[in-house]
Amino acid sequence: MSPEEPAAATPSLRQRRRAVARQEILGAAEQQIVEQGPHALSLRAVARALGMTVQALYHYFPSRDDLVTALITKAYDDLADAVQAAVDAVPEDVPEDSATPRPVVAAEGYRRWAVAHPERFQLLYGAPLRSYRAPADGPTTHAVRRMTKVFQREMFDGFTPAQLAAADTRALTASFRAHLERLPQDGLGDLPPAAASLLLSAWGHMHGLVVLEVFGHTSFLGDHQGELFHTAMRDMVEGIHRRIPAAAPSGAAPAPASPPRPASPSA
């Protein structure tokens, strides 16, 4: 910290107590979700579990929506932490040809958290809670973007912007390309449209398999659900990376992108 930068103010005793109380309320609400599911969330039950009145709880969360927003934000942050921890745990001295690709490691971190916390995963991606609407560009949005950045970094690390812009994808319509270009810069907006579309498709593939498992639709595979996921993610990552042209040698012009494949009659 430079001499010109003011020192951060130490939180007052009241602020510290308030922060502790908020964490206790969030913990009790999470426990209720784990035991009864997201749609059973009740402020009265949360307050009763903590030995406080609903009116007292409103001092910390003025409405049910405020509590739900905090719960969703925390779940996204915990999920992002799990994904980041998974890639951080990759040894640096493993030969590249024998290592699991880092995007696959990130995807497996995502799956493990979801399988270990199915009720909280359902809070994020299950049926929407009745009457709840997340605040526009609020804390839940920023938490999602944080997780997106982890996957973006792991999927495209080592590729140049020119390579990503030249990725071989189906021809994007002008309106879709323009929409991708207008996305916020702290989200997908700093990626060329071709790379953004590839990342969105990859997320849909990964997330779809996780949803099927969390909601019990692949339970017939038993212990092989993880093997299916691992294989599918490796194939997906290798397929995406094959769509990105090789970097041009120093001083040479960038390699041309492969021409877009025409859409099939059924597309």
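Modeller: We can go through salt bridges, aromatic pairs and a helix contact in turn. Keep in mind that this is a predicted model.

Biologist: Fine. How many salt bridges are there?

Modeller: The count comes to 12 salt bridges.

Biologist: Let's pick R120. How far apart are the closest N and O atoms in its salt bridge with E30?

Modeller: They are 3.1 Å apart. R120 is in helix α6 (residues 118-125) and E30 in helix α1 (residues 13-36), so the bridge links distant parts of the chain, 90 residues apart.

Biologist: And is R120 buried or exposed?

Modeller: R120 counts as buried, because its relative accessibility is 9% and the cut-off for buried is under 20%. E30 also gets the buried label, at 14% relative accessibility.

Biologist: What about R120 and D78, how do their side chains meet?

Modeller: In a salt bridge, at 2.8 Å from N to O. D78 sits in helix α4 (residues 64-88) and R120 in helix α6, so this bridge ties together parts that are 42 residues apart in sequence.

Biologist: Now R102. Which helices does its pairing with E154 tie together?

Modeller: The two form a salt bridge, with the closest N and O atoms 2.7 Å apart. R102 belongs to helix α5 (residues 102-116) and E154 to helix α7 (residues 139-156), so parts 52 residues apart in sequence are tied together.

Biologist: How do R102 and E154 score on accessible area?

Modeller: R102 is partly exposed, with a relative accessible area of 34%. E154 is buried, at 8%.

Biologist: OK, over to A75. Where does it lie, and what does it touch?

Modeller: A75 lies in helix α4. Leaving out residues up to four places away in sequence, A75 touches W113, R120 and L124. With 0% relative accessibility, A75 counts as buried.

Biologist: How far is A75 from L124, in sequence and in space?

Modeller: They are 49 residues apart in sequence, and their C-alpha atoms are 7.5 Å apart in space.

Biologist: Switching to rings. How many aromatic pairs does the structure hold?

Modeller: There are five aromatic pairs. One of them is Y110 with F121, edge-to-face, with 6.2 Å centre to centre and 90 degrees between the planes. Y110 is in helix α5 and F121 in helix α6, so that pair ties together parts 11 residues apart in sequence.

Biologist: Are Y110 and F121 buried or exposed?

Modeller: Y110 is buried, with a relative accessible area of 0%. F121 is buried too, with a relative accessible area of 0%.

Biologist: Why is the pair of Y110 and F151 edge-to-face?

Modeller: Because their planes are at 70 degrees, and over 60 counts as edge-to-face. The ring centres are 6.0 Å apart. Y110 lies in helix α5 and F151 in helix α7, so the pair ties together parts that are 41 residues apart in sequence. F151 is buried, with a relative accessible area of 12%.

Biologist: Which residues form the aromatic cluster?

Modeller: Y76, Y110, F121, Y125, F151 and W203 form one aromatic cluster.

Biologist: Last topic, helix packing. At what angle do α9 and α10 cross?

Modeller: At roughly 90 degrees, with the axes coming within 9 Å. Helix α9 covers residues 174-181 and helix α10 residues 193-214. The two are therefore roughly perpendicular to each other.

Biologist: Which residues make that contact?

Modeller: From α9 come F176, R177, L180 and E181, and from α10 come P193, A196, S197 and L200. By class, that contact has five nonpolar, one polar and two charged residues.

Biologist: And E213, which helix is it found in?

Modeller: E213 is found in helix α10. E213 counts as buried, at 14% relative accessibility.

Biologist: What does E213 touch?

Modeller: R111, V115, T218 and Q225, not counting residues up to four places away in sequence.

Technical notes. Residues are numbered from 1 along each chain as its sequence is written. This is a predicted model: local features need pLDDT of at least 70, side-chain atom pairs count only at pLDDT 80 or more; totals for chains, interfaces and linings use all residues. Side-chain values use heavy atoms; hydrogens and water are left out. Axes are lines fitted to C-alpha atoms, for helices over the stretch in contact, and angles run from 0 to 180 degrees between N-to-C directions. Helices (H or I, at least four residues) and strands (E, at least two) are DSSP runs, numbered from the N terminus. Angles under 35 degrees count as roughly parallel, over 145 as roughly antiparallel, 65 to 115 as roughly perpendicular and the rest as oblique. Contact means heavy atoms within 4.5 Å. Ala, Val, Leu, Ile, Met, Phe, Trp, Tyr, Cys and Pro count as nonpolar, Asp, Glu, Lys and Arg as charged, and the others, Gly among them, as polar. Buried means under 20% relative accessible area, exposed over 50%, partly exposed in between (1.4 Å probe, protein chains only). A salt bridge is a side-chain nitrogen of Lys or Arg within 4 Å of a carboxyl oxygen of Asp or Glu. Rings of Phe, Tyr and Trp (its six-membered ring) pair if their centres lie within 6.5 Å; planes under 30 degrees apart count as stacked, over 60 as edge-to-face and the rest as tilted.
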